[in-house]
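Open the model in your viewer and keep the selection tool ready.

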Amino acid sequence: MSEVTLDQKRMLKAAFLTFFIDMFDVYLPITVLAPAMEHFVPKSLPVSEVSTIYFLIFTATLIGRPIGAFLFGHYSDAIGRKKMGLISISGFSMVTLLLIFIPGFQTLGYISVALFILLRFIDGIFLGGGYTSIVPLAIENAPKEKRGLWGGIIGSGYPVAFVLISIITLLALKIFPKEAYQVYGWRIIFVIGVLLGVFIVYYIHKLVPESTIWLKVQDRTKSPLKELFSGKNFVSLLQVLLLMLGLWFQIMVVAGTMSIVFIKQLNISPTLTTTVTLVSYLFLIGGYILAGWVSQKIGRKTAFIILGILIGFFTSLLYYLLIAGMYKNMFILFLFSALIVTVSSMAWGIVPSYINERFQTSVRASAYGVGYTLSILIASFYSFYMLALKAIVPYKYTQIVLLVFAGILVIIGAILGPETKEINMEQ
């Protein structure tokens, strides 16, 4: 077993921090804005329309991410992972700063919502570059026998971010009265996101070296995207996109609807909703790392197939029971939520290592960025699919249909792909 160097440890930390701030920024609206939506829409607006606007704010960022993945992925392969990571994190930190100054509905009407959606879209473009550059840097330089575990650690930046957001939001809801939180309480949390971004830029700039694997490439392609979208690379990309489509549907349903389900459908207070979310994502931190570690033992492909089955059939049943109100007490509420979030989402802990192992160094950043995000363009409109499904099933159960569909896609996508845990990243 090879010894882990100081540079490798710093690369791992940088990738974790980049993934952390990426997810912190992406999911700010999910937890932080849910209790403040009345500040941006009329109070008389129906629940389904409020939910759709809320989903659009979240979705705008996700739609921008593939654009950023194409742009930053190309230059990460062409001129370096570290440089593009620094530009990306600096960019979305600045956009988040601008969001703080958007007024509410009483000042600008629906223009406030439109501005929020526009800036979140631009934010998504920069966000698409963070993980596209720094995650490949860490994974391609990781010891082969630790790549699965490292991928899980990097991926755990997502639930760590969600836990931190939940704690901060919970404190803010206790400190600020409801109206005060809706007007300016949420803005303070966005400021914290900006400061975290500045710190991570400083850390990467000062301490993290460029990828040694990338530096060794002699005949570096001038058109990484052209190479990615041709021949065997393109076939591999299609398989990755199918797998990721299932995972994106899963994360949309769970992360994108749970807070609204609790607050609007189950009439659970914002404070209790945030507490339940916090506990659930604490368990998910371990779930990500466990999934990465297990994938190193049994293989990425087998792990994905098992987790796809659990997504489509186990967690969808639990989500149905939760939405139907079939929990007897608070313990069961917490248990259902923790199981749904952890079991359905832990497959994401395998993604950083798996996608990077599927492609050679010359196109790895482009492939990771595009493969990771492009499926968002289909899955991000999940709120509209839910509205369409309302014609055949009650609206509150429409996300269950999407969750079953997500599990099936993960299973098929994994079956179509090869095992990758023994890949040599330099070849």
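Select Leu108 to begin: this residue lies in helix α5 (residues 105-108). Helices here are DSSP runs (H or I, at least four residues), numbered from the N terminus. The model is predicted, so local features need pLDDT of at least 70, side-chain atom pairs count only at pLDDT 80 or more, and totals for chains, interfaces and linings use all residues. Residues are numbered from 1 along each chain as its sequence is written, and side-chain values use heavy atoms, leaving out hydrogens and water.

Together with Leu108 they make a nonpolar surface patch of about 390 Å². Patch residues have over 30% relative accessible area and no salt bridge, and nonpolar side chains are joined within 5 Å. Areas come from the Shrake-Rupley method with a 1.4 Å probe. Helix α6 (residues 110-140) gives the largest share, four residues.

Next, select Arg65 and Asp22. Their side chains meet in a salt bridge (3.1 Å, N to O). Arg65 is in helix α3 (residues 47-79) and Asp22 in helix α1 (residues 6-26), 43 residues apart. A salt bridge is a side-chain nitrogen of Lys or Arg within 4 Å of a carboxyl oxygen of Asp or Glu. The count comes to eleven salt bridges.

How values were computed: Patch = residues over 30% accessible without salt bridge, like charges linked within 9 Å, V, L, I, M, F, W, Y side chains within 5 Å. Helix = DSSP H or I, 4+ residues; strand = E, 2+ residues; numbered from the N terminus.
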